[in-house]
Amino acid sequence: MKVLKLKKHNLNDYLDSLRVWGEVYGPVKQGEKYIYGQLDDLSKLDTKMLRTILPVKKFLMPPKFNTFTFDENKYKAELENIPNRIVFGVHPCEIHGLLILDKFFLERFPDPFYGERRRKTAILGLSCVPDDKCFAKSTNTHYVESGFDLAFNDLDNYYLVWVGSSLGDDLVRIRLDLFEEDIKEKDLKHYMEWRNWRDSQYKLNVNLTAMPDIMELNYSSPVWDELGDKCLSCGACSMVCPTCPCYNMSDQIRPSQFTGKRERTWDSCMFKQFALVAGGHNFREARSQRVRLWYTHKLKAFITEFGKAACIGCGRCIDTCPVDINVKTVVKALKGGK
Amino acid sequence: MNKPKVGFYNLSGCSGCLLTILNCENQLLDVFNGAEVVSFLMAQSNNVEKELDIAFIDGSVTTDEQEEFLHELRPRTKKVVCLGSCSCYGGVQAMENEKGTWLKRFNKVYGKKPFKVVKPFESKPVDAFIPVDYYLPGCPIDADQFLYNYARLLRGLPADVPKTPVCLECKWHENECLLLKDKLCLGPVTSAGCKAKCPSHNLPCIGCFGPADESNLTSEFSLLKEKGYTFPEIERKLRLFGGVKFIKQFKSLWKKAQK
């Protein structure tokens with residue numbers, strides 16, 4: 001993997017140059033929170049952002065979009081007008097989140113709508129310093145080795161820039177004049193010192209060791225009923241979770257003729273209707289069962305299937321749930337703590 | 001193929017739901033071409049009252065005349081669809097329901113007056129009188145949700161009105177959570193479909209789409225209580241649009257909470 005240097009004062013100039021390839025997005029402040037917004041004006045870019053309300057998945061599987069249009073004889077997939085996008089400021093944990101979504105959508109049953117957007121979205125990672133809700137060190141998602149096109153590591157007055165893909169290389173070549181290629185020993189030292197310092201900044205530790213076993217032992221635990229009583233079933237946790245992939249489909253037909261579109265929207269297993277099937281039967285009638293499913297999926301089933309948790313320690317559930325149900329509190333409760 | 005015969009009717013309410021349909025200017029031809037609209041007082045002349053495939057009812061029931069109309073309508077229509085929170089839940093005009101007698105409340109506002117034209121009573125949803133097949137809530141209804149379901153119903157498909165909470169659509173818009181900002185927001189207990197209009201303008205949800213599927217009122221109550229809201233404050237908000245459905249739900253909670 002190639003590593004380059006970019007002086008910080010050149011960042012905006014560089015991002016501005018990338019517009020020849022696509023639309024540029026990055027973290028911008030909205031009220032007291034952050035979102036990934038379009039950077040028409042680069043002064044809006046806020047590199048100190050910790051977590052956006054919605055993760056970067058919103059670009060790859062938007063909350064609501066049309067998959068295809070149809071009439072009585074044919075259908076036409078809507079894959080043509082997807083723009084090239086560059087998303088700058090994606091933190092390491094979120095890139096791990098993308099790798100998890102890739103498992104859902106690119107492997108056994110490739111999803112063209114996700115795949116096409118993933119291909120056309122350049123991921124420009126950015127290192128971060130954790131706050132008291134980040135626990136990416138616990139989930140081992142605080143560094144990235146793949147899943148990005150460029151990764152920027154913030155070191156005082158410059159960035160060390162990892163080139164992670166051939167697209168990343170192309171993007172560097174757009175403004176090669178801004179980058180320095182001679183990485184010196186002191187840069188490596190600087191980087192290693194930064195790493196040690198950053199590792200020491202993780203205040204929250206959520207130990208997920210042996211979680212599948214702990215979940216199994218807790219299958220009939222009253223903890224789930226307590227959580228079910230408390231859960232508002234608002235689904236916000238699923239919306240903001242970078243690894244939640246579920247969606248719903250609905251056919252929007254015109255009243256007077258047989259033409260229409262198939263719309264895809266984010267869904268959540270926290271909703272009662274999620275497991276509703278023909279005949280009015282429901283696999284998960286009780287709210288407690290639904291809360292259990294969400295956590296079983298993240299912290300047990302995914303580990304059994306892929307060898308790691310479907311949690312990247314980004315802290316969005318901690319930041320979002322109005323009644324304090326999140327990976328931190330649930331893991332604690334399952335281990336017998338209050 | 002014969003087009004399905006439909007009728008649009010208005011009981012007590014502002015008719016805003018029917019107006020929402022007429023405001024769909026780009027789809028209006030679709031709405032009228034897709035069916036044989038036999039009765040739509042707000043939109044056309046020469047209405048006839050006959051056998052129907054679908055009757056859409058806007059407004060709540062507040063007079064004996066309306067009650068009689070519903071009993072006359074039901075046997076001649078295959079499906080009855082409630083449009084808007086008045087016909088679904090009783091509407092804003094049901095916010096004081098079950099608080100003492102209706103007549104006492106009426107007299108307090110209007111004085112003691114004889115009823116000459118019709119005999120009025122406490123605002124009730126349509127399903128208090130006749131069986132209802134589908135409910136499209138909202139104050140007013142959402143145009144897209146109506147058009148989607150209208151097309152389905154014309155083809156004999158069941159309505160599809162997911163009663164997921166407002167929070168779902170609110171998060172799609174990347175709004176800051178108003179509950180976390182200690183606002184009295186009814187988002188988690190209110191049905192979506194509105195595209196989270198109010199929270200997207202930084203205004204807390206006031207519940208105009210009525211209860212969500214399995215609203216966890218108990219948890220919403222204790223959360224709001226923790227934030228310093230009193231039960232009368234919360235009840236007032238819930239009563240505003242939630243009508244009889246919410247009142248039924250929180251009555252028992254109320255008793256428990258006051259203990």
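Reader: How many residues does the contact take from chain A and from chain B?
Author: This is a predicted model. The contact takes 34 residues from chain A and 30 residues from chain B.

Reader: Which elements give two or more residues to the chain A side?
Author: On the side of chain A that touches chain B, they are β3 (33–38), α8 (222–230), α9 (236–240) and β11 (247–253) of chain A.

Reader: Switching to confidence. What does the model score?
Author: ipTM is 0.94 and pTM is 0.93.

Reader: What pLDDT does chain B average?
Author: Chain B averages 92, and 97% of the residues score at least 70. Where pLDDT is low, the predicted coordinates should not be read in detail.

Reader: Now domains. What does the assignment give for chain A?
Author: Domain 1 is 2–199 and domain 2 is 211–334. Their C-alpha centres lie 26 Å apart.

Reader: How many residues does the contact take from each of these domains of chain A?
Author: Domain 1 of chain A gives 32 residues, and domain 2 of chain A gives 26 residues.

Reader: Which elements of domain 1 supply at least two residues there?
Author: On the side of domain 1 of chain A that touches domain 2 of chain A, β4 (64–70) and α3 (92–107) each do. The largest share, nine residues, comes from α3(A).

Reader: How do the residues of that domain 1 side divide?
Author: The side of domain 1 of chain A that touches domain 2 of chain A has 16 nonpolar, eight polar and eight charged residues.

Key: Residues numbered from 1 in each chain as written. Chains lettered and ligands numbered in written order. Predicted model: local features only at pLDDT ≥ 70, side-chain atom pairs only at ≥ 80, totals over all residues. Contact = placed C-beta atoms within 7 Å. Helix = DSSP H or I, 4+ residues; strand = E, 2+ residues; numbered from the N terminus. pLDDT = per-residue confidence, 0-100. Domains from an automatic or database assignment. Nonpolar A, V, L, I, M, F, W, Y, C, P; charged D, E, K, R; others polar.
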